[in-house]
Amino acid sequence: MTATHILLLIGCYFLMLLAISYFTGKNDSNADFFKAGKQSPWYLVAFGMVGASLSGVTFISVPGWVETSQFSYMQVVFGYLAGYVVIAYLLLPLYYKLNVTSIYEYLEGRFGIVSYKTGAFFFFISRVLGASFRLFLVAIVLQQFVFDAWNVPFELTVTLSILLIWIYTFRGGIKTIVWTDTLQTLFMLISVGLSIYFINQKIGWDFSEFLASAELKQYSKILFTDDFFNKTHFIKSFIGGMFITICMTGLDQDMMQKNLTCKSLKDAQKNVLSFSVVLIVVNFVFLLLGALLFIYAAKNSIAIPLMDGTPKPDLLFPEIALNSDLGIIVAITFMLGLIAAAYSSADSALTALTTSFCVDFLNINKKPENTQKSIRKKTHIGMSVLLIIVIVIFKHVLDKNVIDGLLTVATYTYGPLLGLFSFGIFTRYNIKDQFAWVVALTSVVLIVLIANIPKEALGGYEVGYELLPLNGLITFIGLWFIRKKE
């Protein structure tokens with residue numbers, strides 16, 4: 001599949017998104033941009049959230065992770081399920097009761113303006129980094145397999161990617177995204193299914209033979225319970241996964257904004273619970289695909305692609321899909337799946353960043369009505385430029401598997417949100433609000449220091465995703481010390 005073919009495919013795909021944007025963005029109101037008029041069908045939101053949660057990171061990076069970590073990621077995914085139960089029955093009732101546009105408005109009512117701005121700030125940093133991780137992965141694939149052939153610089157590739165997202169979201173916002181995410185999730189799942197089918201066919205297996213093969217057993221270990229000191233131990237992974245979900249979905253404006261477009265709390269709960277079960281199955285299929293990719297590469301002497309002279313397992317899937325002899329169908333569906341997976345998370349992230357900045361920092365609801373739409377549109381452009389800058393920086397500093405990098409960043413930035421919300425929900429204390437930012441910043445600094453302690457200094461204990469609940473606990477304790485005695 002040539003670079004020209006890939007660009008034509010991307011062009012056709014975005015024409016479909018623009019058509020959806022045209023019909024869903026006719027109103028062009030802030031109410032539709034931020035909340036979709038609270039009229040979204042729950043099943044549509046649930047299906048679309050599969051793609052938004054998985055994103056391009058899962059689509060490429062999870063299969064690439066299999067070589068070194070086998071199926072240990074499923075331990076984290078099991079933790080996700082527990083986290084979604086907490087979201088459905090603890091956090092969603094709170095948000096619907098308060099009828100918030102930004103979920104961080106809760107912190108203002110509970111503690112005060114400084115806590116509110118602190119929570120919004122940490123979401124903003126988290127989502128900028130998270131969205132940039134996801135888009136970075138897509139940009140390097142497009143760069144390696146399309147734009148390098150034309151000597152287009154990486155910076156221009158990133159700019160074009162963000163520009164395309166801006167074009168189809170600047171009018172309809174979250175209302176558009178609820179529908180485009182559904183289409184994008186469908187493309188992504190079709191792509192994975194067809195890739196598994198055609199690779200098995202090329203090897204000479206049917207699906208049952210693949211599942212029973214000795215080659216798969218080399219990669220398919222799920223439960224790691226032997227060495228508690230290891231980063232991949234089940235308990236550490238499960239607890240980390242649970243809190244990652246609570247924070248990266250339940251305390252995240254991006255993911256919650258979709259849920260808040262449902263007609264009622266009951267619909268939103270049905271959305272979260274059904275979506276969580278589907279997510280387990282889909283992640284397992286991605287890991288199967290990862291194992292199959294490494295088996296196929298070994299059988300056909302396909303080397304892991306290099307990026308800046310370093311092997312990059314994240315690029316194995318595109319290398320096999322686009323440059324091996326699997327055929328044009330796999331190449332087309334891979335590109336559609338990749339674009340869909342990436343943009344289904346990136347478009348909602350851009351919208352959520354715009355929403356949060358407008359509501360939480362610019363207080364758009366208090367501005368004159370005749371200026372509110374203009375403020376929203378200018379902010380939307382500003383958030384697009386910010387994402388471009390961060391992605392370009394990642395090109396020069398990122399040196400690890402992207403899914404691992406994404407989850408590691410989450411342990412730093414979402415911890416203060418976890419501490420603030422849990423203290424507000426589980427205690428009746430008020431706090432000295434002016435010190436909330438000091439507690440949050442101190443917690444992050446301590447967690448960074450703990451994360452960088454050599455495992456030899458801890459008796460061989462390797463710190464993992466349990467840093468996230470520890471971060472939340474440190475924040476909680478800090479808030480306890482600044483509580484008001486009365």
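**Exercise 1.** Which residues does Y95 touch, not counting residues up to four places away in sequence?

*Solution.* The model is predicted, so local features need pLDDT of at least 70, side-chain atom pairs count only at pLDDT 80 or more, and totals for chains, interfaces and linings use all residues. Residues are numbered from 1 along each chain as its sequence is written, and side-chain values use heavy atoms, with hydrogens and water left out.

Step 1. Contact means heavy atoms within 4.5 Å. With sequence neighbours up to four places away set aside, Y95 touches V100, I103, G250, L251, M256, L260 and F421.

Step 2. Y95 and M335 touch the most other members of the largest nonpolar core, which has 143 residues. Such a core is a set of buried Ala, Val, Leu, Ile, Met, Phe, Trp, Tyr and Cys residues joined through side-chain atoms within 4.5 Å.

**Exercise 2.** Determine the location, burial and contacts of T249.

*Solution.* Step 1. T249 belongs to helix α11 (residues 234–250); helices (H or I, at least four residues) and strands (E, at least two) are DSSP runs, numbered from the N terminus.

Step 1. The relative accessible area of T249 is 7%, so T249 is buried (buried: under 20% relative accessible area; exposed: over 50%; partly exposed: in between; 1.4 Å probe, protein chains only).

Step 2. Beyond its neighbours within four places in sequence, T249 contacts Y84, I87, I244, M255 and M256.

**Exercise 3.** Describe how α18 packs against α20.

*Solution.* Step 1. Two packed helices are described by the angle between their axes and the distance between the axes. For α18 (residues 415–426) and α20 (residues 467–481), the axes come within 7 Å and cross at roughly 50°. Axes are lines fitted to C-alpha atoms, for helices over the stretch in contact, and angles run from 0 to 180 degrees between N-to-C directions.

Step 1. The helices α18 and α20 are therefore oblique to each other (under 35 degrees: roughly parallel; over 145: roughly antiparallel; 65 to 115: roughly perpendicular; the rest: oblique).

Step 2. Residues G415, P416, L418, G419, L420, S422 and F423 of α18 meet L468, P469, N471, G472, T475, F476, L479 and W480 of α20. By class, the residues of this contact are nine nonpolar, six polar and no charged. Ala, Val, Leu, Ile, Met, Phe, Trp, Tyr, Cys and Pro count as nonpolar, Asp, Glu, Lys and Arg as charged, and the others, Gly among them, as polar.

**Exercise 4.** Describe the packing of α6 and α16.

*Solution.* Step 1. The axes of α6 and α16 (residues 369–397) come within 9 Å and cross at roughly 60°.

Step 1. The contact involves F124, V128, L129, A131, S132, F133, L135 and F136 of α6, with M383, L386, L387, V390, I391, F394 and K395 of α16. The residues of the contact comprise 13 nonpolar, one polar and one charged.

**Exercise 5.** What are the phi values of Q70 and S301, and is each residue buried, partly exposed or exposed?

*Solution.* Step 1. Most residues other than glycine have a negative phi. Phi of Q70 is near 50°, and S301 has a positive phi of about 55°.

Step 1. Q70 lies in the loop between α3 (42–69) and α4 (73–98), and its relative accessibility of 23% makes Q70 partly exposed.

Step 2. S301 lies in the loop between α13 (265–299) and β1 (306–307); with a relative accessible area of 71%, S301 is exposed.
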